[in-house]
Amino acid sequence: MESAWRIKQAVDIPVMCVGRINGPVLAEEILREGKADLVCMGRALLADPDLPRKAMEGRLEEIRRCVACNTCINSIFKKGRVECLVNPELGREKEMVTRRAPKKRKVVVVGGGPAGCEAAWVAASRGHDVFLYEAAEEIGGQIRLGAIPTHKKELLNIIRFHKRQLELSGVQCFMGRPVGPEEIAEMGPEVVILATGAKPVELPFLNRKMKGVYTFQEALERPESIPENVVVAGGGAIGCEVALHLAEWGRRVSIVEMTEFIGRQYEAMTRKLILEKLKSNGVEMMTKCRIIGYADNSLRCLLGEDEELLSIEAEGVVLAVGTCPKDELFGPLSSMGMEVHRIGDCVEPRSIKEAILEGARLARAI
Ligand SMILES: Cc1cc2nc3c(=O)[nH]c(=O)nc-3n(C[C@H](O)[C@H](O)[C@H](O)COP(=O)(O)OP(=O)(O)OC[C@H]3O[C@@H](n4cnc5c(N)ncnc54)[C@H](O)[C@@H]3O)c2cc1C
Ligand SMILES: Cc1cc2nc3c(=O)[nH]c(=O)nc-3n(C[C@H](O)[C@H](O)[C@H](O)COP(=O)(O)O)c2cc1C
Ligand code: SF4
């Protein structure tokens with residue numbers, strides 16, 4: 001913004017300001033303060049092409065905000081077409097037309113993460129009677145954990161958008177309501193959508209019942225409860241983010257990863273940035289190092305191809321060895337003869353993009 005203003009002072013032709021102008025309020029501010037003559041929005045309009053119309057009509061809370069994840073740019077390189085994490089319609093405009101449902105049905109959605117919320121509001125906007133049950137006190141699912149590190153706060157915009165869409169579309173939401181098969185059956189649904197997400201993987205020799213072992217959820221939500229000298233078991237995306245978070249909270253952190261890669265799931269640019277951040281925050285990273293046990297503040301590992309036995313001193317270990325589907329309801333409900341669908345991480349843990357996309361697709365198909 002300041003660069004645009006300086007250029008504007010030096011030239012006598014119109015100047016357009018561009019880069020992370022993510023909403024109408026900032027855009028208006030730039031124009032009002034005379035910092036530029038025009039504003040340009042790129043990703044903000046991929047995330048919501050209706051942004052200008054919604055802004056004109058004062059419907060700011062209904063704007064689907066870009067969360068700066070750069071999935072769109074990466075998808076061009078990887079797939080040769082553009083996709084958006086938050087907007088499943090981008091690049092699928094024909095497939096994603098929303099038509100009124102031919103017959104109104106009673107739909108019960110279990111789970112208020114991104115998959116369940118997207119399915120619920122789209123199904124309701126097609127005319128179905130939709131009931132959403134969420135075990136936690138608020139919607140959002142794992143996004144709430146993902147958005148804890150400071151650099152990922154923008155993910156909370158997804159939850160804000162879903163909250164507003166659930167209200168507008170008339171979904172009946174029940175928070176703090178974990179539901180089981182019998183309770184669901186008693187509701188008499190015509191369609192059940194399971195969007196129950198994923199849960200952390202635990203290892204027989206390393207689990208949260210053991211003294212000094214913590215889940216990644218505890219480490220993200222209550223970093224102050226984690227000891228000074230800690231090992232993060234697992235160097236995937238969650239492990240990297242937990243390690244960085246704890247390091248920023250002043251902990252001495254090491255990552256122990258079984259494979260030869262730290263942050264394998266990240267695309268190249270993000271991985272480079274994360275690795276740099278981990279290094280600059282003093283996080284030690286050990287690869288090809290397989291944990292085999294933990295007791296008395298000592299983590300036992302096998303290092304390298306020779307499987308050299310190694311002991312690492314650690315007052316605590318944070319489990320970040322992955323997540324697995326939470327799909328206990330599918331078997332019992334299917335055996336009752338109900339129409340049951342699964343979407344999002346309860347099929348296979350992946351990302352917000354797949355969760356929203358599967359919710360959007362299913363809601364248009366029922
Ligand atoms: C730390 C962390 C960081 C992440 N960062 C990213 C990221 O940067 N980008 C990205 O794309 N993805 C990220 N992810 C993954 C992403 O959050 C998930 O892929 C996504 O949230 C899956 O959505 P979902 O709706 O399928 O499940 P979830 O988000 O897990 O939601 C499932 C919901 O179902 C509820 N539920 C479960 N059982 C019941 C029941 N019986 N009754 C009622 N409610 C129930 C749960 O309480 C939960 O709220 C991250 C995950 C974690 C843990
Ligand atoms: C999916 C996508 C592809 C892009 N491709 C190019 C490109 O090939 N060359 C280029 O100079 N800029 C490219 N850009 C940058 C845009 O032209 C624009 O400067 C930028 O997206 C503006 O910032 P904003 O998205 O934060 O509004 C691309 C941006 C996106 C989102
Ligand atoms: S993919 Fe991510 S960065 Fe690109 S427009 Fe969508 S939310 Fe924004």
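This is a predicted model: local features need pLDDT of at least 70, side-chain atom pairs count only at pLDDT 80 or more; totals for chains, interfaces and linings use all residues.
User: How do the residues of the shell around ligand 2 divide into nonpolar, polar and charged?

Analyst: There are six nonpolar, two polar and two charged residues. Residues are numbered from 1 along each chain as its sequence is written, chains are lettered from A and ligands numbered from 1 in the order in which they are written, and side-chain values use heavy atoms, without hydrogens and water.

User: Which residues surround ligand 2, and what makes a residue near a molecule?

Analyst: A residue is near if one of its heavy atoms lies within 4 Å of the molecule. Those around ligand 2 are Val18, Gly19, Arg20, Met41, Gly42, Arg43, Leu46, Cys72, Ile73 and Ile76.

User: How do you know that Arg43 makes a polar contact with ligand 2?

Analyst: A polar contact is a pair of N or O atoms within 3.5 Å (within protein, one must be able to donate a hydrogen and the other to accept it, and residues adjacent in sequence count only if both atoms are side-chain atoms). For Arg43, a polar side-chain atom is 2.7 Å from an oxygen atom of ligand 2, so the pair qualifies. The protein covers 49% of the 610 Å² of accessible area that ligand 2 has on its own, by the Shrake-Rupley method with a 1.4 Å probe (for residues, only the protein chains shown count as cover).

User: What comes nearest to ligand 1?

Analyst: Glu134, Gln142, Lys152, Asp345 and Ile352 do, out of 34 residues around it. A side-chain N or O atom of Glu134 is 2.6 Å from an oxygen atom of ligand 1, and a polar side-chain atom of Lys326 is 3.0 Å from a nitrogen atom of the ligand. A polar backbone atom of Arg350 lies 3.3 Å from an oxygen atom of ligand 1.

User: Why is H6 called roughly parallel to H14?

Analyst: Helix H6 (residues 114-125) and helix H14 (residues 352-365) pack at about 25 degrees, with axes 7 Å apart. Angles under 35 degrees count as roughly parallel (over 145 roughly antiparallel, 65 to 115 roughly perpendicular, the rest oblique), so H6 is roughly parallel to H14.

User: What about H6 and H8?

Analyst: H6 and helix H8 (residues 156-169) pack at about 30 degrees, with axes 9 Å apart. That makes H6 roughly parallel to H8 too.

Terms used:
Ala, Val, Leu, Ile, Met, Phe, Trp, Tyr, Cys and Pro count as nonpolar, Asp, Glu, Lys and Arg as charged, and the others, Gly among them, as polar. Axes are lines fitted to C-alpha atoms, for helices over the stretch in contact, and angles run from 0 to 180 degrees between N-to-C directions. Helices (H or I, at least four residues) and strands (E, at least two) are DSSP runs, numbered from the N terminus.
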